[in-house]
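The sequence and the structure are shown first, and the description follows.

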Amino acid sequence: MRKFLSIIYKDYLFLTRDIAGLIFMFFMPIALVVLMAYLQDSTYNSVNESKIPLLLLNQDNDSLGCAIEKSVQQTGIFSITTELNGEPLTPDALQANVAEGNYLIGIVIPAETTKKIRRNIRGSVIHTFNPDFEPKQLEPNKISIFIDPTAKESFKTAITSSINEYAARLQTQIVMNEVVAAVNQQFPLNIGNFDIPTDIIKIDEQYARSNPSAIMPNSVQHNVPAWGLFAVFFIVISLANNIIKERDDGSYLRIKTMPCPTWLYFVGKISIYLIICLLQMAIMILMGIFVMPLLGLPQLELGHSIGALLLMSVSAAMAAIGYGTAIGTISTNSQQASIFGSVSVVILSAIGGIWIPTIIMPHAMQIISHISPLNWGLSGFYDIFVRDSGIALVLPESALLLAFGGVCLAITLIYNRQKCN
Amino acid sequence: MPTIIEIDGLCKTYKGNRQPALDHLTLNVDEGDSFGLLGPNGAGKTTLMNIMCGLSKADSGSVSICGLDTVSEIDKIKHLIGVVPQSLALYPMLSAVENLRVFGGIYGMERRKVAERSEELLNTFGLWEHRNKLADKYSGGMKRSLNLIVGLLNSPKILFLDEPTVGIDVQTRRAIIDYLKLINNQGTTLIYTSHYLSEAEELCNNVALIDKGRIICNGKPASLTLQHSCGSLEELFLKTTETAINNA
């Protein structure tokens, strides 16, 4: 224990005397998280909160028109306009505005649409019970949907399908009502109205991970873990240089002549850097909770699993420490370690979605992003902050990070042993 | 006196080198000896020291220290030895006291014992007044002294010294040599390498001349010079290694 504490004591002294290094480790990520969250906030808002502008002309004012209007309102994703400049909407004005790109979608439900459906169905039903009855020609009946040409195909399909669904549901109800009326007329049974249950088949729609209210991270939910991870991985430079310095000034050689196993030397170093990494993460999280709201940014919600948060923080720290230890051991001088360490961390962070979230990256880059340990870390923190996940759901990301750190440390020990031989 | 170090048929060739650094080297050192390993640059002295201290492994042969094997029982050996490397091995950003506290702790010494021993050694070498100064701010001689103090911290049974007085002033060298003589008289075995042959002649009661990884001659300095009809250790060194250089 005394040996372990001595190693920690020495590294503590090194770190606290390196003021520039401390500024680099703590103030740089704080500045980055504030700056980037602030810069990206409006972008996240436009993706998360903007509504699709929709023009709606409901001339029907009966069952179908009201059902469509109500359902469109209930989705919450449309900003519905029913009149233009205080003037009642007309089909021509609606079409013109969508064509000009002022609105993404326009729906026209003509007058008497519901009544026409009823009349058409009634004729068919009576003809079924009384073949002598000749129904009138089916009245033409259509709902028009105008869509901005720039809208995606999937969007058009979704809108058309929804309106078709309401029309079909209404038609079925009218058919049943007309059948009941016809039966009551033909036979003395006096059947009551038949209401079709709307929930015969329930579609249980939910997010693949726990909290359905969580969808996409806001600027704080992204930037706090992202720059926290960046800071944690940036200690690679400090750690690698610390190892090289000890090697260059001969003190590591002296330790090797002392009764202190190599693994204990590295465990001591890992421990002090683990504390630093956890401090960095804690500071970033506190920034998200207390400082970001003061800047008009959303407050960071921690989720409900502090255990998961701690697990991810420790895993990310271990990955970074393992990486830094390997770089410090393999590099021949501090210049080499600094350049390789900083460039590799910047590249891994860019690939991993620290600068730009992976969800807005091209598909190929989204696949490539999975090779970056920073992406594993970010994905785990998204699980906690955005999806409110617990320990079980962050285990895969945590295991990947710990395995990465473990492999790096194994490389370090093997390299050291080979050098001794 | 009983043998404290036994070296038997030691071989070591570094990767990429055809010439072995150690070539079937066999040597015994008695307890309480002040033993000088002398030889030209690249003779294999530092390689031999590194293998004895557990810093490097031999390709074949064996070394035992106090009856303990340097491969399988190196951890036990490390409690018995002190090492003063040729290059300074200190933390420049720590003060002398902090350096000694760290290294003492890594030796597993109690904090109080480290403090007592540090005070004693720093006073001996005139560094007590400078104990809180960063090692980086020390003069070359002060750094050498501190380098030696760290090696002496755990009161080792065997002290390995690889050119401990290189690049220092006469006064500091004298202080170091005198202290080494003192602890040798108190029973500490010294294994010493140097290019200062007069210093070796003064300090060592036994020497071995090494060249090309082999022992050329081995014994008491006076006997060796007499045996080879030389007036001094330096003359012997030049005579025995001259052939080796010419043959190289």
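## Basis of the description

Two strands are said to pair if DSSP finds at least two bridges between them. Helices (H or I, at least four residues) and strands (E, at least two) are DSSP runs, numbered from the N terminus.

The model is a predicted one, in which local features need pLDDT of at least 70 and side-chain atom pairs count only at pLDDT 80 or more, while totals for chains, interfaces and linings use all residues. Residues are numbered from 1 along each chain as its sequence is written, and chains are lettered from A and ligands numbered from 1 in the order in which they are written.

## Confidence

The model has an ipTM of 0.86 and a pTM of 0.71. pLDDT is the predictor's confidence in each residue, on a scale from 0 to 100. Its mean is 88 for chain B, where 97% of the residues reach 70 or more. For chain A the average is 83, with 90% of the residues scoring at least 70.

Where pLDDT is low, the predicted coordinates should not be read in detail.

## The sheet of chain A

Chain A contains an open sheet of four strands in the order β2-β1-β5-β6, and its pairing is mixed. From one strand to the next, the twist averages 20°. Angles run from 0 to 180 degrees between N-to-C directions, and axes are lines fitted to C-alpha atoms, for helices over the stretch in contact.

Strand β1 (residues 52-58) of chain A pairs with β2(A) in the parallel sense over four bridges. Within β2(A), A:Ile80 stands opposite A:Leu54. Helix α4 (residues 91-99) of chain A lies across β1, β5 (105-109) and β6 of chain A, and runs at about 165° to β5(A).

Two packed helices are described by the angle between their axes and the distance between the axes. Angles under 35 degrees count as roughly parallel, over 145 as roughly antiparallel, 65 to 115 as roughly perpendicular and the rest as oblique. A crossing is left-handed if the near helix is turned anticlockwise from the far one by less than a right angle, and right-handed if clockwise.

Helix α7 (residues 219-248) and helix α11 (residues 334-351) of chain A pack at about 165° with their axes 9 Å apart, and are therefore roughly antiparallel to each other. Their crossing is right-handed. The residues of this contact divide into nine nonpolar, six polar and one charged, where Ala, Val, Leu, Ile, Met, Phe, Trp, Tyr, Cys and Pro count as nonpolar, Asp, Glu, Lys and Arg as charged, and the others, Gly among them, as polar. Helix α9 (residues 262-291) and helix α10 (residues 306-330) of chain A cross at roughly 130°, and their axes come within 9 Å; α9(A) and α10(A) are therefore oblique. The crossing of α9(A) with α10(A) is right-handed, and its contact has 10 nonpolar, two polar and no charged residues.

Helix α1 (residues 2-17) of chain A also packs with α9(A), at about 50° and with axes 8 Å apart. The pair α1(A) and α9(A) has a right-handed crossing.

In chain B, six strands form an open sheet of mixed pairing, in the order β6-β7-β8-β3-β9-β10. At its edges stand β6 (81-84) and β10 (214-219) of chain B, each with a single partner strand, so one side of each is left without a neighbour in the sheet. The twist in this sheet averages 15° from one strand to the next. Four bridges join β6(B) to the parallel strand β7 (residues 158-162) of chain B, and B:Leu159 is the bridge partner of B:Gly82.

Between the chains, 26 residues of chain B are in contact with 23 residues of chain A. On the chain B side, α2 (74-80) and α3 (96-107) are the elements that give two or more residues, and α3(B) provides the largest share, six residues. That side divides into 16 nonpolar, six polar and four charged residues.

Definitions and conventions: Two residues are in contact if their C-beta atoms, placed from the backbone, lie within 7 Å.
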